[in-house]
Every structure is written in C-alpha cells, then in structure tokens.
Amino acid sequence: MDLGLKDKIALITGGSKGIGLETAIILAAEGAMVAIVARNEAPLQVAAQCIKETTGADALVITADISIEAEVRRAVEQTVEHFGGLDILVNNAGTAAANRFEEVSTESWTSDLDLKLFGAVHSSKAAVPHMRQRGGGSILNVTATAGKAPSASSLPTSVSRAAGLALTKAMSKDLAKDNIRVNAVCIGLIRSDQIERKWKASAPEQSWEEFASDPSHGIPLQRIGQTDEAAKVIAFLVSGAASYVTGTAVNIDGGTSPVL
C-alpha cells in the first residue's frame, strides 16, 4: 500500500527516542521530510544519525522545550523555513507522571498539563496556518489508554491525556473544513526507557522476552508492544491512506483497555 507520504513535511515532538524516533524513521523511509524536536541536543543528534543510517534521509534537528509557547512557535517556523511548508504534526512529547490524587503537587499538575496538553495546543495552533496554505494536513496526538480508562494512582497523567482526547475531537470538528485531519493514539505498555528500567530493577534475571511476556502484565496479546508497532499505526493515521479518518483515537495496547 502506498501511504502517500512522499515529499510530505513532518514535525515530530519528542522525536529523539522511543515512539517519536521510530515514527520519524518510518515517515522518512516512506519519503517524507522530517524534523525532530526535543529539549536536549545530544540525543537529537544521535537520533538524526540513526535516521540517516536507517533511511538515508537527513532529519532537521530542533532543540526546544515544548511546554514553552514561544519555543514551540520557533520550532514550527524553523521547520517551515527549512523545508518550505508543513503537512504533518505528531504531538508526541510527554513523560509518565502517576501518583495518588492527594500526593500530586500543584507544580506537578502544572508541569504535566503544560507539556502534554498545552504543548499540543501551542504546536497545533502554530502549525495550522501552514497546513491551511498547503490545502490540508494531519495532526496526530499521542496520548495514553489512561485517558479513556484511568486507574487508581494515575494522576496527573490520566487527566492530561483525557484532555488531549477532548482536544483531538474538538479540533477535528473545527479543522475539517480546511482538510486538516486530527486523530490520536492511546498508548498502553510499549517498550520504552521507563519500561526497560522497570524490567532491570524488578526482574534482572529475566530476558527481555521473558519479562515482556510475563502474565502479570495482564495484556491479552500476552506481551509488551514494540515501539515500531505504535509508530506504524501513527504513520498510517497521518498518511493519505487514512484520508477519511479524523476525530478518532486508536488504542495501541495489546487489547488491555476495557474501553474502545
């Protein structure tokens, strides 16, 4: 299947590792021009080298703090200036922050919402005029299954992610007239630095395959997912192959979530 990504211009926040980097690799392999954004220069340069070695494409590296509106606008403008436009925005920047309600500080609430919710708001607001000029585009918000079905002690992340889902639906309604599609993915247990730290701390005697398939995770597909499995779904949703898909949120969780 031709995803229709050749010569499309994509900006990916949180693009230095994990799902963001894997998404950049897949988009670049499909012929898209890719800009990756993160706060730290060194990991971004490593990621750009990985993209180059894997796909032969040069990625634009942009250092920016997504929680700061001015830096987000600068990242979008740099992408447009370098490549000549913007077609795809993947709002992937985020961290895991989960605690009991009474133990979450005001500072934690603010920083989590600034990064996960307002980061997506500011980047999307900066990107939309450029997409409109090109006759349309695609915005993809990376959220979590906790946004649909919060568990105990999942704050503030579950609230930030739920807000991201509401943002996705509302934006999809407002921007459809401009042929700008807005979708989300809800991530479950996917291999990441955080999951690998948990593996090495709790079960160092196990191989990754043994840990990933441990029944205690409660995953119907009986294993933790790989980053490329999430990135492939993202690539489809932002591509021309999903041209009639907007305002939806896809679970990528091996069947774990109790809700659609």
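Contact means heavy atoms within 4.5 Å. The exercises below concern a predicted model.

**Exercise 1. Determine how α1 and α8 are oriented to each other, and which residues join them.**

Solution.

Step 1. Locate the two helices: α1 covers residues 18-29 and α8 covers residues 227-238.

Step 2. Compare their axes, which come within 8 Å and cross at roughly 55°.

Step 3. Classify the angle. Angles under 35 degrees count as roughly parallel, those over 145 as roughly antiparallel, 65 to 115 as roughly perpendicular and the rest as oblique. Helices α1 and α8 are therefore oblique to each other. The crossing of α1 past α8 is right-handed.

Step 4. List the contact. From α1 come Gly18, Ile19, Glu22, Thr23, Ile26 and Leu27, and they meet Thr227, Asp228, Ala230, Ala231, Lys232, Ile234, Ala235 and Val238 in α8. Sorted by class, this contact has 8 nonpolar, 3 polar and 3 charged residues.

**Exercise 2. Repeat the analysis for α4 and α5: how are they oriented to each other?**

Solution.

Step 1. Helix α4 spans 106-133, and helix α5 spans 157-175.

Step 2. The two axes come within 9 Å and cross at roughly 15°.

Step 3. Because angles under 35 degrees count as roughly parallel, α4 and α5 are roughly parallel to each other. Helix α4 passes α5 in a right-handed crossing.

Step 4. On the α4 side, the contact includes Trp109, Lys116, Ala120 and Arg132; on the α5 side, Arg161, Gly164 and Leu175 are among the residues involved. The contact divides into 11 nonpolar, 4 polar and 4 charged residues.

**Exercise 3. Describe the largest cavity: what is its volume, and which element gives the most to its lining?**

Solution.

Step 1. The structure holds 1 cavity of 30 Å³ or more. The volume of the largest cavity is about 110 Å³.

Step 2. Its lining consists of 18 residues, and Asn91, Lys116, Ala120, Val142 and Arg161 are the closest to its centre.

Step 3. At least two lining residues come from each of α4, β6 (137-144) and α5. Helix α4 gives the most, with 6 residues.

Step 4. By class, the lining has 7 nonpolar, 9 polar and 2 charged residues.

**Exercise 4. Describe the second largest pocket: which residues lie nearest its centre?**

Solution.

Step 1. This pocket has a volume of about 260 Å³.

Step 2. Of the 16 residues that line the second largest pocket, Lys8, Gly136, Gly137, Asn179 and Arg181 lie nearest its centre.

Step 3. The lining divides into 3 nonpolar, 9 polar and 4 charged residues.

Conventions: Residues numbered from 1 in each chain as written. Predicted model: local features only at pLDDT ≥ 70, side-chain atom pairs only at ≥ 80, totals over all residues. Heavy atoms only, no water. Axes fitted to C-alpha atoms, helices over the stretch in contact; angles between N-to-C directions. Helix = DSSP H or I, 4+ residues; strand = E, 2+ residues; numbered from the N terminus. Left-handed = near helix turned anticlockwise from the far one by under 90°. Nonpolar A, V, L, I, M, F, W, Y, C, P; charged D, E, K, R; others polar. 1 Å grid on protein atoms, 1.4 Å probe; cavity = no way out; pocket = protein on both sides within 12 Å on 5 of 7 lines; lining within 4 Å. Points joined across faces, edges and corners; volume = space filled by probe spheres on them.
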